[in-house]
Amino acid sequence: MDEKKRFRRFVAVVAAVLVFGAVFVAWSGSVGTDNWATVMSAVILATMALVALVVVRKGLRELKSGFPRDDERSRAIRMRAGYIAFYVSLYFLLAMGFVHAILEDNQVSLPPTSEWLMIYVAAMGSIFLAVSAYINRKGVPE
Amino acid sequence: MKTRIKELRARYDLTQDDLARKIGVRRETILFIENGKYVPSLKLAHDIAKVLKTTMDELFIFEKG
């Protein structure tokens, strides 16, 4: 598949994900039982839209310049960042569990598990982006 | 790892952009290989050596340790 087709397919998938996310946020807001979840979903969606905008603009620029959108180095960065983000977020999940247990012991009213999960997903995404940016600057470790 | 890519590029009057386009990678990949911050795959190393009309042995210098 040539680079243009691949890029068009990528933009279509990104647009579909964002549209689905927007529908979900709107639906969650209209149900109105859980404001915190709606706010968190909207924040995650806005972050995704911002990242998508940057990535698509960069991709368009690269497409015009004749360079491939990704190559073996960028794939290696993604793989390494995904690996690190997965393991670091497991520790994050463990820490969240401890915090949850301590707060529960002290009879502090806690948000439902779905909201903790959203925080976990947001943290995992943030770790992935941060590690990708770091490896991109410092070089892929051998 | 050290490379002689920069030296050979200069010999054939190729910029990093030219070399990247010829082998179908991003310009940053060439930059990072030249600076020893990325070790290319066997195929990419072979492609670079081919474009620069040399061998992989001549192109990459691996240091012990």
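This text walks through a predicted model of a complex, from confidence to the interface and then to one residue inside chain A.

Start with confidence. The predictor gives the complex an ipTM of 0.85. The pTM is 0.72. Chain B averages a pLDDT of 90, and 98% of its residues score at least 70. Among the elements of chain B, helix α4 (residues 42-51) has the highest mean pLDDT, at 94. Strand β2 (residues 60-61) of chain B has the lowest, at 86.

Now turn to where the chains meet. Chain A brings 19 residues to the contact, and chain B brings 16 residues. Together the two chains bury about 1,400 Å². Of that area, 51% is on carbon and sulfur atoms.

Which side chains form a salt bridge here? Those of Glu62(A) and Arg26(B) do, at 3.0 Å from N to O.

Look next at the side of chain B that touches chain A. Helices α2 (16-23) and α3 (27-34) of chain B each supply at least two of its residues. α3(B) gives the most, with four residues. By type, this side of chain B divides into seven nonpolar, six charged and three polar residues.

Finally, move to chain A and find Ser89(A). It sits in helix α3 (residues 72-105) of chain A. Is Ser89(A) buried or exposed? Ser89(A) counts as buried because its relative accessibility is 0%. Beyond its neighbours within four places in sequence, Ser89(A) is in contact with Tyr120(A), Met124(A) and Ile127(A).

Key
Residues are numbered from 1 along each chain as its sequence is written. Chains are lettered from A and ligands numbered from 1 in the order in which they are written. This is a predicted model: local features need pLDDT of at least 70, side-chain atom pairs count only at pLDDT 80 or more; totals for chains, interfaces and linings use all residues. Side-chain values use heavy atoms; hydrogens and water are left out. Buried means under 20% relative accessible area, exposed over 50%, partly exposed in between (1.4 Å probe, protein chains only). Contact means heavy atoms within 4.5 Å. pLDDT is the predictor's confidence in each residue, from 0 to 100. Buried area is the accessible area (1.4 Å probe) that two parts lose on being put together, summed over both. A salt bridge is a side-chain nitrogen of Lys or Arg within 4 Å of a carboxyl oxygen of Asp or Glu. Ala, Val, Leu, Ile, Met, Phe, Trp, Tyr, Cys and Pro count as nonpolar, Asp, Glu, Lys and Arg as charged, and the others, Gly among them, as polar.
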